[in-house]
Amino acid sequence: MTDDVDQHPLRRAGRWLARERQIDEFLYGALVSGSVFAVSSAKSEDGGSVLLATGLVNITYWLAHVYVDLVGGRFHDHERSTGHRFRHALQSSTGVLLGSVPSMVLFSACRLFGLDVATAAWTTLWFTVALLGYAGGLAAHRAGARRWPLIGETAIALGFGMAVILLKIILH
């Protein structure tokens, strides 16, 4: 019998990401989304165009991952057919798309609650920093890092998010 907490959709999604080894792809999608929000919201007053740009860029990055896995993987995997490699590429790159979902949902929610594009984008960017920092700290903790090593690895992860904030500041 499972606990109600284990049935929560976010917990199930997290377990799926870990089981399918998609966490790295998920974080990549989150970082790309943050970067696109920083760039696309710099001069836009239209939240729809910011969301569209973010979605399209994430789809493009996902397709790039599929292409690289399909074609690049063929150099290492001569035995499997193109169809098999294509299915594998589609499945193994899903995390890139999923990584963009939390920031797009948050941005949309901010806009629905009446925040302007700039404020919604800043909220989304700081969420991205927190997500990346949390993931870095969790990964370090699970790997056994404690005290200063844990703080250092978490700070490095936060630094990647802060690079997105810096991008927004430069473009603003």
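Phenylalanine 107 is buried, with 0% relative accessible area, where buried means under 20% relative accessible area, exposed over 50% and partly exposed in between, for a 1.4 Å probe and protein chains only. The model is predicted, so that local features need pLDDT of at least 70 and side-chain atom pairs count only at pLDDT 80 or more, while totals for chains, interfaces and linings use all residues. Residues are numbered from 1 along each chain as its sequence is written, and side-chain values use heavy atoms, with hydrogens and water left out.

The secondary structure of the chain consists of seven helices and zero strands, where helices (H or I, at least four residues) and strands (E, at least two) are DSSP runs numbered from the N terminus. The order of elements from the N terminus is α-α-α-α-α-α-α. The chain has 172 residues, of which 34% count as buried. Its accessible surface comes to about 10500 Å², with 68% belonging to carbon and sulfur atoms; accessible areas come from the Shrake-Rupley method with a 1.4 Å probe, and for residues only the protein chains shown count as cover. Among contacts between residues at least 6 apart in sequence, 67% join residues at least 24 apart, a contact being heavy atoms within 4.5 Å.

A pair of aromatic rings is described by the distance of the centres and the angle of the planes. Rings of Phe, Tyr and Trp (its six-membered ring) pair if their centres lie within 6.5 Å; planes under 30 degrees apart count as stacked, over 60 as edge-to-face and the rest as tilted. The structure holds two aromatic pairs. One of them is formed by phenylalanine 37 and phenylalanine 107, and is tilted, with 4.9 Å centre to centre and 40° between the planes. This pair links distant parts of the chain, since phenylalanine 37 is in helix α2 and phenylalanine 107 in helix α5 (residues 94-112), 70 residues apart. Phenylalanine 37 is likewise buried, at 0% relative accessibility.

Valine 50 is buried, its relative accessible area being 0%. Between valine 50 and phenylalanine 107 the C-alpha to C-alpha distance is 9.3 Å, at a separation of 57 residues in sequence.

With a relative accessible area of 13%, serine 44 is buried. A polar contact is a pair of N or O atoms within 3.5 Å; within protein, one must be able to donate a hydrogen and the other to accept it, and residues adjacent in sequence count only if both atoms are side-chain atoms. The side chain of serine 44 makes such a contact with the side chain of serine 49, at 3.1 Å. A polar atom of the serine 44 side chain also lies 3.1 Å from the backbone nitrogen of aspartate 46. When neighbours within four places in sequence are left aside, serine 44 is in contact with Ser49, Val50 and Val117.

Side chains of opposite charge can pair when their charged atoms come close. A salt bridge is taken as a side-chain nitrogen of Lys or Arg within 4 Å of a carboxyl oxygen of Asp or Glu, and by this rule the count is one. Aspartate 69 and arginine 85 form the salt bridge, their closest N and O atoms being 2.9 Å apart. Aspartate 69 lies in helix α3 and arginine 85 in helix α4 (residues 82-92), so the pair ties together parts 16 residues apart in sequence. Aspartate 69 and arginine 85 are both buried.

The loop between α4 and α5 contains serine 93, which is buried at 2% relative accessibility. Neighbours within four places in sequence aside, serine 93 is in contact with Gln22, Trp62, His65 and Val66.

Isoleucine 59, found in helix α3, counts as partly exposed at 39% relative accessibility.

Most residues other than glycine have a negative phi. Arginine 147 has a positive value, with phi near 55°. Arginine 147 is placed in helix α7 (residues 147-171) and is exposed, with a relative accessible area of 71%.
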